[in-house]
Amino acid sequence: GPSLKKLDLQFCKKIPAEAWKKLGDAQWPNLQEVNLQYCFRENGAGAAEALQAVASAGPSLTKLNFNDCPKIPAEAWKKIGDAKWPNLQEVNL
């Protein structure tokens with residue numbers, strides 16, 4: 001919900017696409033840290049919904065980690081294209 005400040009699913013590569021898709025309408029305005037490293041290493045299904053949820057993060061987002069996620073489709077990255085994170089300090093892609 002809106003009080004979520006940290007999302008760390010590092011190395012959770014077995015999350016099914018159906019579960020990621022449930023994040024599509026998520027709103028996390030107070031999110032500060034996201035770590036989805038390795039989640040999309042073998043499969044990109046659901047990446048668009050995950051990125052859409054991350055895009056809902058407000059200006060308090062400071063860390064974003066999608067390292068080792070080569071299966072995220074190019075189209076999915078567009079979900080964060082309009083995001084505004086003025087306090088972002090650390091990004092790992």
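Glu75 sits out in the open in this predicted model: the residue is exposed (over 50% relative accessible area, where under 20% counts as buried and anything in between as partly exposed, using a 1.4 Å probe and protein chains only), with a relative accessible area of 53%. Lys78 is exposed too, at 59%. The two side chains meet in a salt bridge, with N to O at 3.3 Å. Here a salt bridge means a side-chain nitrogen of Lys or Arg within 4 Å of a carboxyl oxygen of Asp or Glu. Side chains of opposite charge can pair when their charged atoms come close.

Strands (E, at least two residues) and helices (H or I, at least four) are DSSP runs, numbered from the N terminus. Glu33 is partly exposed, at 24%.

Lys13 and Glu42 make another salt bridge, their closest N and O atoms being 3.0 Å apart. Lys13 is in the loop between β1 and α1 (17-21), while Glu42 is in the loop between β2 and α2 (47-55), so the pair links parts 29 residues apart in sequence. Lys13 is partly exposed at 30%, and Glu42 is partly exposed at 45%.

Residues are numbered from 1 along each chain as its sequence is written, and side-chain values use heavy atoms, leaving out hydrogens and water. Because the model is predicted, local features need pLDDT of at least 70 and side-chain atom pairs count only at pLDDT 80 or more, while totals for chains, interfaces and linings use all residues.
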